[in-house]
Amino acid sequence: MKPVSKLPLYSLYSHTMSSPNGDNSTKLDLVTKLASSLASFMLVWAMLRQFIPMELRSFVEKRLNKLCSRFLPYIEVKIPEYSGDRLKRSEAYVSIQSYLASLSNKTAKRLTAEIGQDGNNIVLAMDEHEQVKDEFNGVKIWWVLKKVHTKSNGTEIERKYYKVTFHQNYREIVTKDYLKYVVKKGKEFRVKNRQRRLYTNVGRYSYFTSSMWSHTQFEHPATFETIAMDFEKKREIIQDLEKFTKSKEFYARTGKAWKRGYLLYGPPGTGKSTLIAAMANLLKYDVYDLELTAVKDNTELRRLLIETTSKSIIVIEDIDCSLNLTGQRKKGKVDEEETDNDKGCENDGGKEKGKSDEHGNNSKVTLSGLLNFIDGIWSSCGGERIIVFTTNYVEKLDPALVRRGRMDKHIEMSYCSFEGFRVLAKNYLFVEDDEYVMFDEVKKLLNEVKVTPADVAENLMPKNPEDDAEKCIRNLISALEDAKKNAVEDETKAVN
């Protein structure tokens, strides 16, 4: 498929009105002149429209389009960015966007640039109101990116859509073959040039992104080879993740949404956030970091869920601190949004709706709303998603929140083991355990004291340019001996 150069709009219209045999009657000649005049007016209008108020511009364009449709045998198809009531971004729109990027590189004069998959190359795409021309099996097709602004509840919202134009004689070729081809090729281009992203919720629709999520590039370097964790546990997690990505048919056969929940729990500094980054890098997934306290209510929480894409990890860190979801639920008070997933989920953890909780949050998100977010009927909108909760105090969480089926796999992030130390020593100092006799002393101390991987890493990190591996390991041994001494003193005080 070869893109061709962009033609003037006048040529498009005058070509339409030409007689098939070359003989023009008086009536046809009149229609041709009228079409030419319309085309000329529209060219001038395209230049002046940016200086005309939006209300007048919309009025004129509607009349022009209606008039042109009476004389021109062309069909127009709109592909909006969002389907329905802005609930979910159209997969067709995203695929078409990727496909047209390849055409825009060669023909468009106004382009937008974005960083590609490797973080170095630039991916170009057509700018708004730019037109590019394509050809498919001898059929000429015109694409243009449009953008309009509407107001909803006093908020101005940006709406984008692609408009494809073609001759009515080729309706079946375009609608049945060409558009399918474009979507297929666009998906291939997306995989090739995809730059993974880290999202955070902005609390309301962003004027610039038309979304409740804002994003930046995801560039965390963590991998399963670099995290300080026992080898067997790492292998178990990797196998579980890889099995999940290949289980689409299993989830469909069993009638379950294609998602999986992970609960990471353990003391601060044990690597919970690093493990999430390693999971995302292993699967090449986007990460959605959901700040629950910034979510206004359950309805907004559902909208956030719907706007997430497949092949993504949705993260709620420190779930025990996000909302009042800990402790025992009050009896006898039925929440207005009672979930069908758990009998006895009578209210939202003791927090009255509309009031701040003990952390000073004004969010009206309830426990039942969060449960429905995880595995309610709305969780089936999309697939191949992983939901991860992290907490330092798993015993404080409501049992309904962390039961199997919601948080399918519970992973304890424990204190640093000798195997974890070996990984850190290799990462920070480029040494193996057979190079230093001091490793035996480190192993003995790690079996006697509880220290987090973050503390071990801090002591292994060279503080000065002249610090060598041996000095760094001695610093760690000294820190472990101090921790052991403090632990003994604390135990003695507790006994006395």
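I take buried to mean under 20% relative accessible area, exposed over 50%, and partly exposed in between, with a 1.4 Å probe and protein chains only.

**Entry 1. Basis.** I work on a predicted model, in which local features need pLDDT of at least 70, side-chain atom pairs count only at pLDDT 80 or more, and totals for chains, interfaces and linings use all residues. Residues are numbered from 1 along each chain as its sequence is written, and side-chain values use heavy atoms, with hydrogens and water left out.

**Entry 2. Cysteines.** I looked up Cys416 and noted it as buried, with a relative accessible area of 6%. Cys321, with a relative accessible area of 43%, is partly exposed. I searched for disulfides, each a pair of cysteine sulfur atoms within 2.5 Å, and the count came to zero.

**Entry 3. The sheet.** I took helices (H or I, at least four residues) and strands (E, at least two) as DSSP runs, numbered from the N terminus. I let two strands pair if DSSP finds at least two bridges between them. Seven strands form an open sheet of mixed pairing, in the order E10-E9-E12-E13-E14-E11-E15. E10 and strand E15 (409-412) stand at the edges with a single partner strand each, so one side of each has no neighbour in the sheet. I also recorded that neighbouring strands of this sheet are turned by 20° against each other on average, direction ignored; the axes are lines fitted to C-alpha atoms, for helices over the stretch in contact, and angles run from 0 to 180 degrees between N-to-C directions.

**Entry 4. Strand E9.** I followed E9 (residues 197-201) and found that its side chains alternate. Five bridges pair E9 with strand E10 (residues 213-217) in the antiparallel sense, and Gln217 in E10 is the bridge partner of Arg197. With strand E12 (residues 286-289), E9 runs parallel and is joined by three bridges. Across that pairing, Leu198 stands opposite Val287 and Tyr199 opposite Tyr288.

**Entry 5. Aromatic pairs.** I paired rings of Phe, Tyr and Trp (its six-membered ring) if their centres lie within 6.5 Å; planes under 30 degrees apart count as stacked, over 60 as edge-to-face and the rest as tilted. The count comes to 16 aromatic pairs. For Tyr74 and Trp142 the ring centres are 6.1 Å apart and the planes are at 75°, so this pair is edge-to-face. Tyr74 is in strand E1 (residues 74-80) and Trp142 in strand E7 (residues 139-152), and the pair links these distant parts of the chain, 68 residues apart. Both Tyr74 and Trp142 are buried.

Phe418 and Phe439 also form an edge-to-face pair, at 6.4 Å centre to centre and 90° between the planes. Phe418 lies in helix H13 (residues 418-429) and Phe439 in helix H14 (residues 438-446), so the pair ties together parts that are 21 residues apart in sequence. Phe418 counts as buried at 16% relative accessibility, and Phe439 at 2%.

I noted one cluster linked by ring pairs, made up of Tyr93, Tyr99, Phe136, Trp143, Tyr162, Tyr178, Tyr181 and Phe189.

**Entry 6. Charges over rings.** I counted a charge over a ring if NZ of Lys or CZ of Arg is within 6 Å of the ring centre and within 35 degrees of the ring normal. Lys78 lies over the face of Tyr161, at 4.6 Å from the ring centre. Lys396 lies over the face of Tyr393, at 4.6 Å from the ring centre.
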